[in-house]
Amino acid sequence: MAKFRKESRPMHSVARQMTSSEIPAFVKRVIDAGCDICAIDHFGYVLGDVEEMSAAADELQLIGEEFGDRGFLRNEIVAYLRSIGRYLDVDTTYAHWSQNPKVQ
């Protein structure tokens, strides 16, 4: 009976996970792709409006592949965006994050 060697590679690939230290680079890449990323209050963020995201769809896919899963970093991404003034609070009268006093 012939002996078979077990393969050393896993049956499925493990998805890459973004690290918190990569958040600034991730945000910069999204902005460079033409999307106006900003935090919404303290609970989430958007990459940009529908038109921006549609125009940058291919680049956003590459960014997603490069940085990997970031869902578990949502709160840290929101905190970073707020720290650089890229946020809109739900109860604000501002129409765009750039109107925040911290940015001006």
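How many disulfides does the count come to? I took a disulfide to be a pair of cysteine sulfur atoms within 2.5 Å, and by this rule I got zero.

Before going on, I noted that this is a predicted model, where local features need pLDDT of at least 70, side-chain atom pairs count only at pLDDT 80 or more, and totals for chains, interfaces and linings use all residues. Residues are numbered from 1 along each chain as its sequence is written, and side-chain values use heavy atoms, with hydrogens and water left out.

**Cysteines.** I looked up Cys35 and found it buried, at 3% relative accessible area. Cys38 is buried too, at 6%. (Buried means under 20% relative accessible area, exposed over 50%, partly exposed in between, with a 1.4 Å probe and protein chains only.)

**Helix α4.** Next I checked α4, residues 74-83. (Helices are DSSP runs of H or I, at least four residues, and strands are runs of E, at least two, numbered from the N terminus.) Its buried residues are Ile77, Val78, Leu81 and Arg82. Seen down the helix axis, they fall within an arc of 135°, so they line one face of α4. (The arc is that of the directions from the axis to the C-beta atoms.) Their cover includes α1 (23-32), β1 (38-40), β2 (44-46) and β3 (87-88).

**After the helix.** Just past α4, I saw Gly85 with a positive phi of about 85°. Arg86 sits in the loop between α4 and β3. I found Arg86 buried, with a relative accessible area of 10%. Leaving out residues up to four places away in sequence, Arg86 touches Ile31, Asp36, Ile37, Cys38, Ala39, Leu81 and Trp97. (Contact means heavy atoms within 4.5 Å.) So Cys38, buried at 6%, turns up again here, among the residues that Arg86 touches.
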